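Hi,

Here is the structure I promised to pass on. Have a look at it first, and then read my notes below.

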Amino acid sequence: MQEVKVVIDPGYSSFKFAFASQGNLQTWKEPTLVSLIFEFQSMDGVEPDDSAVVEWQGKRFLAGNDAVSTGLRIFQKDSFEFLYKQALPLFLKKLQKQLKPDEKLVSVALCVSPADFFKKEEILSSVKEVFPEAQIRLFPQGLGAWILAGMVPDCVVVDIGYNTVDLLPFCSGKFQKEKCKSFKGAGVVNFLKNLSYDDPHNLVSLLEKGDEKIKRVLQENYPVYLASVIQPFVSGSKLILTGGGSLFIPKKSLPFKYTVVKNPVFANVQGVASLI
């Protein structure tokens, strides 16, 4: 039996994955979307393929890209319960179905926002429900980016998501857990939502498609807002920017010394994959 490992970075806009098998690392992401399939339901879209259907707690679901492919109603909520108690188990069940007959998942690593670490046992329970025999480890979101950036001894990792911004300070090469900060609602999508009152799902879709107008609005306005949020906590520190939101930070647009990590969308899962 071939042993495989996975690193997952759950986000309110997308789940990022790094799948390690036979020395190879495959990365991908899927939107954090879920569709519940009712037994009697008329659909405007395409009938879901049975291979894409995930059965969980006596119900049938589609998750991620599969949830977008039909006319089924899509569920997406910005809550801990939705992210870790519904979306995470469904994506794990989907991954379970995708494993080859000769593959056994032996390790699951999760990149978790510092704001959610106090609910560690609930997160672990969601994973154990699907993979009870796998080794499960939790890492703070941003740690993987710090590793890929060269493990700078003294710095602050700024993980800019679509919904949340996390700060992870490092001093003399050691992670300062007690000084972490998490700003829910400070990400790029929520910023756009407050400007336009548009549907967050639609805004994410526009961002993923590279809409130039949306991109320009972010580049011209978001850095000023971000600086005002993090200024009291990062003054004088070298910053390492990561996360999908960092793609919308132009050079020299922040009043700090900073660099953007290579491949910021997958930096967390790639960096953590080197630890497992």
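Which elements each supply at least two residues of the lining of the second largest cavity? They are β3 and α2. Helices (H or I, at least four residues) and strands (E, at least two) are DSSP runs, numbered from the N terminus.

Before the rest, some housekeeping. This is a predicted model, where local features need pLDDT of at least 70 and side-chain atom pairs count only at pLDDT 80 or more, while totals for chains, interfaces and linings use all residues. Residues are numbered from 1 along each chain as its sequence is written, and side-chain values use heavy atoms, with hydrogens and water left out.

Back to the cavities. On a 1 Å grid over the protein atoms alone, a cavity is a set of points where a 1.4 Å probe fits but cannot get out; a pocket is an open set with protein on both sides within 12 Å along at least five of seven lines; lining residues have an atom within 4 Å of a point. Grid points are joined across faces, edges and corners, and a volume is the space filled by probe spheres set on the points.

The structure has two cavities of 30 Å³ or more. The second largest cavity is about 40 Å³ in volume, and its lining is made of Phe-17, Trp-28, Glu-30, Phe-91, Lys-94, Leu-95 and Gln-98. The largest share of that lining, four residues, belongs to α2.

The largest pocket holds about 410 Å³ of space. It has 29 lining residues, with Gly-11, Ser-13, Lys-16, Gly-161 and Tyr-162 nearest its centre. Elements giving two or more residues to this lining include α2 (80-98) and α6 (200-208). The second largest pocket has about 220 Å³. Of its 14 lining residues, Pro-31, Asn-65, Val-204, Ser-205 and Glu-208 are the closest to its centre. Here α6 makes the largest share of the lining, four residues.

Last, a helix pair. The axes of α2 and α3 (residues 120-128) come within 9 Å and cross at roughly 20°. Axes are lines fitted to C-alpha atoms, for helices over the stretch in contact, and angles run from 0 to 180 degrees between N-to-C directions. So α2 and α3 are roughly parallel to each other (angles under 35 degrees count as such).

Cheers

Notes. Angles under 35 degrees count as roughly parallel, over 145 as roughly antiparallel, 65 to 115 as roughly perpendicular and the rest as oblique.
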